[in-house]
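Subject: Structure handover

Hello,

Here is the structure I promised to pass on. Please open it first, then read the notes below.

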Amino acid sequence: MLVLIRGAGDIATGIALRLWRCGIAVVMTDLPQPTAIRRTVAFSEAIRLGSCSVEGVTARFANDADDALRLLRAGVVPVLADPKNVCREALAPDAMADAILAKRNLGTKITDAPVVIGVGPGFTAGVDCRAVVETMRGHTLGRVIYDGSALPNTNIPGLIGGFAGERVLRAPADGVFQGARRIGDTVAAGDIVGYVAGEPMRCTIGGMLRGLLADGVPVKRGMKAGDVDPRGEAAYCTICSDKALAVGGGVLEAILHFSGGIPYGK
């Protein structure tokens, strides 16, 4: 089975790991200049660096669909710079998951593959996909929705370590991001961790810098550009989050549900 995942940020990477470890081949796509902030657990870094590894699984940049298939045979996850999903036709995947997390559908259609899964808000099961997987933290996180849509976006991050919106660092201006600290650094409230057009981006709480945009990424004022984890656990910078794995489990369920599952005795 081959699954195409649109998006290669931290949530999409959690999905890819769940599928890959179950023996399902995965190809991923993202922007030519990815905007993931949790870069140490995002396969999108393969586009920027050529290759990267998350939890022992390696991803590499693929030039096109043929290159992606070659990389699959070599035992690595291919990642293409293909935001328009041009590779889909050549790959002819058995299933596709849209994990761009744009809070809206950027062009995915229910006919794009035999099984199409929408991740998060912006999709309706039975309309533009076969099923939707909930991404909002809480009792329904990771649940597969076979009729209807995910909960609407609230623009309020989930509560972690007693903090929600305070965890997120946002670009202070329009311009190009330049980091001043590194993922994994311990920070305090008021610390400067980056600049945009000469304007500092400061932490509002203390903890560990779990996410930060790569240098040179164009941003708009208010765009998510960093993430502080108040729990301060270094390991959380290098392993997929509970949320990513929960969503990944939901995608796995939906794919197996529509593909007939695994025969008894196999």
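The radius of gyration is taken over C-alpha atoms, and the globule rule is 2.2 Å times the number of residues to the power 0.38. With 266 residues, a compact globule would come out near 18 Å, and the chain has 18 Å, so the two agree.

Two notes on the source. This is a predicted model: local features need pLDDT of at least 70, side-chain atom pairs count only at pLDDT 80 or more, and totals for chains, interfaces and linings use all residues. Residues are numbered from 1 along each chain as its sequence is written, and side-chain values use heavy atoms, with hydrogens and water left out.

**Overall**

The C-alpha trace spans about 55 × 40 × 35 Å along its principal axes. Buried residues (under 20% relative accessible area, 1.4 Å probe, protein chains only; exposed is over 50%, partly exposed in between) make up 48% of the 266 residues. Now the contacts (heavy atoms within 4.5 Å). Among those between residues at least 6 apart in sequence, 53% join residues at least 24 apart.

**The sheet**

The chain has 5 helices and 19 strands. Both are DSSP runs, numbered from the N terminus: helices are H or I with at least four residues, strands E with at least two. Four of the strands form an open sheet in the order β12-β19-β17-β14, with antiparallel pairing. Two strands pair if DSSP finds at least two bridges between them. β12 (168-170) and β14 (186-187) are the edge strands, and each pairs on one side only. β14 joins β17 (residues 207-212) over 2 bridges, in the antiparallel sense. Thr 186 has Met 208 of β17 as its bridge partner.

Start with Gly 122. It lies in the loop between β7 (115-119) and β8 (124-125). Its relative accessibility is 37%, so Gly 122 counts as partly exposed. Leaving out residues up to four places away in sequence, Gly 122 touches Lys 103, Arg 104, Asn 105 and Asp 128. Ala 102 is 20 residues from Gly 122 in sequence, and their C-alpha atoms are 7.9 Å apart.

Lys 103 lies in the loop between β6 (95-98) and β7. Lys 103 is partly exposed, at 42% relative accessibility. Its phi is near 70 degrees, a positive value in a residue other than glycine.

Glu 55 also has a positive phi, near 50 degrees, and is not glycine. Glu 55 is found in the loop between β3 (51-54) and β4 (57-62). With a relative accessible area of 29%, Glu 55 is partly exposed.

Best wishes
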